[in-house]
Amino acid sequence: MTQAQVTVEPVVVEEEFDTVDMNINMGPQHPSTHGVFRMVLTVDGEQVKDVTSYIGYMHRGGEKLTENLDYRGALGYQDRTDYLAAFNNEWVYCNAIERLAGIEAPERAEYVRLILAELNRILSHFMFMGAFGTDVGFFGTAFTWAFKERERIQDFFEAVSGDRLMYNYFRVGGLAWEPYPTFVEDARWLLRQVEAGIADIDELMTNNEIMISRCRDVGRMSAEDAISYGVTGPLLRAAGVPLDLRVDEPYSIYDRFDWEVPTGLRGDVYDRYLVRLEEMRQSVRIVAQALDQMPASGPIMAEGLPKVLKPPPGEIYMRQENPRGEYGIYMVSDGSDKPWRMKVRSPSFHNLSSLRHQVRGSYIADAVIILGSVDIVLCEVDR
């Protein structure tokens with residue numbers, strides 16, 4: 001008896017399966033979120049269909065605290081919003097009070113303020129380069145190289161103000177004290193080191209294949225969309241809008257310097273990196289010219305200021321070009337020694353409002369990079 005071979009054909013039944021969207025929680029302490037920030041991604045596989053942002057974890061009532069202190073006493077709170085640009089914040093606050101009270105800071109003080117604020121812009125952008133480079137995939141190299149230059153600037157700030165982070169050096173009407181004797185020489189040396197550091201970051205990241213493939217055409221935002229969301233600063237300029245308050249509404253002595261406003265073409269993550277990189281070079285140009293022009297001597301505080309500052313009743317909105325965009329102070333005086341109302345216009349808050357528009361339709365890995373390209377500081381968002 002022989003055994004016959006039987007071939008059985010498989011029966012294939014095609015079925016359609018329903019997919020269910022999944023919510024993925026990022027934060028509030030996820031290392032990719034650049035602060036105490038939470039976003040919930042609604043994903044279909046690897047693609048992000050929607051995102052919901054949750055803020056408020058860093059709210060400390062900075063505006064109300066300012067309203068309960070006299071005008072000079074509240075200055076220290078301004079350092080604690082955008083702590084990566086404390087000099088810039090102090091400057092806006094002092095300028096708001098000075099315009100409200102009709103005070104004019106001496107010319108030498110204006111030069112010192114501008115030099116420190118532009119160096120603070122460079123410091124802030126170096127922080128972005130290091131953190132964003134880590135997000136993209138450069139890991140320790142970009143972070144270490146960027147922080148090396150950031151440390152140089154912070155050492156200089158410490159020599160000027162006595163503090164490495166919360167400087168509290170600007171005053172209503174001028175500066176707290178005269179810059180130390182070798183301020184100009186040290187600043188020129190610092191610029192040479194910074195220029196070399198910018199070139200290192202440029203060589204490491206700009207034309208790197210990983211950088212381009214991860215960032216080009218990711219998180220694109222048109223000029224119209226950026227304007228509608230109230231986006232300012234590098235994000236707006238990366239979208240092709242050449243708006244910079246230092247040029248369009250020149251304050252202090254910015255109209256004395258020759259420099260350019262960098263803009264992008266596509267409004268994507270890569271353009272935001274390029275704009276910030278070029279902004280650092282332009283800040284170096286501004287500081288170099290300011291050091292050449294700065295008076296060698298002269299007063300650093302306005303004369304005849306009262307011991308108790310009581311601006312006349314009125315209101316003011318002062319805005320300046322901080323590293324993350326338009327940082328504004330709205331202040332109302334009722335004639336007393338405390339502001340009746342003080343409100344901060346936070347560039348990070350407005351820039352963050354565009355996150356949902358940028359992230360929808362991207363991949364989960366791209367969401368981290370898009371958030372990094374916004375360059376938020378949560379203490380400034382939440383205040």
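The model is predicted, with local features needing pLDDT of at least 70 and side-chain atom pairs pLDDT 80 or more, while totals for chains, interfaces and linings use all residues. Residues are numbered from 1 along each chain as its sequence is written, and side-chain values use heavy atoms, without hydrogens and water.

**Stop 1: H3 and H4**

Select helix H3 (86-101) and helix H4 (residues 107-136). Helices here are DSSP runs (H or I, at least four residues), numbered from the N terminus. The axes of H3 and H4 come within 8 Å and cross at roughly 140°; axes are lines fitted to C-alpha atoms over the stretch in contact, and angles run from 0 to 180 degrees between N-to-C directions. The crossing of H3 and H4 is left-handed, a term for a near helix turned anticlockwise from the far one by less than a right angle.

Now show side chains. The contact of H3 with H4 divides into seven nonpolar, three polar and four charged residues. Ala, Val, Leu, Ile, Met, Phe, Trp, Tyr, Cys and Pro count as nonpolar, Asp, Glu, Lys and Arg as charged, and the others, Gly among them, as polar.

**Stop 2: the second largest pocket**

On a 1 Å grid over the protein atoms alone, a pocket is an open set of points with protein on both sides within 12 Å along at least five of seven lines, and lining residues have an atom within 4 Å of a point. The volume is about 200 Å³, taken as the space filled by probe spheres set on the points, which are joined across faces, edges and corners. H3 gives the most to this lining, with three residues. By class, the lining of this pocket has five nonpolar, two polar and five charged residues.

**Stop 3: H4 and H5**

Move on to helix H5 (residues 140-161), which packs against H4 at an angle of about 155°, with the axes 8 Å apart. The two are therefore roughly antiparallel (angles over 145 degrees), and their crossing is left-handed. Select Leu123, Phe126 and Met127 of H4 with Phe143, Phe147 and Ile153 of H5, which are among the contact residues. This contact has 16 nonpolar, five polar and two charged residues.

**Stop 4: H5 and H6**

Helix H6 (residues 183-206) packs with H5 at about 170°, the axes 10 Å apart. H5 and H6 are therefore also roughly antiparallel. Residues that meet here include Trp145, Ala146 and Phe156 in H5 and Trp189, Leu190 and Ile201 in H6. The contact of H5 with H6 has 14 nonpolar, three polar and four charged residues.

**Stop 5: the cavity**

Last, select Thr232, Gly233, Arg237, Leu243, Leu245, Glu321 and Glu326, the lining of the largest cavity. A cavity is a set of points where a 1.4 Å probe fits but cannot get out. The whole structure has one cavity of 30 Å³ or more, and the largest holds about 30 Å³ of space. Its lining has two nonpolar, two polar and three charged residues.

How values were computed
Angles under 35 degrees count as roughly parallel, over 145 as roughly antiparallel, 65 to 115 as roughly perpendicular and the rest as oblique. Contact means heavy atoms within 4.5 Å.
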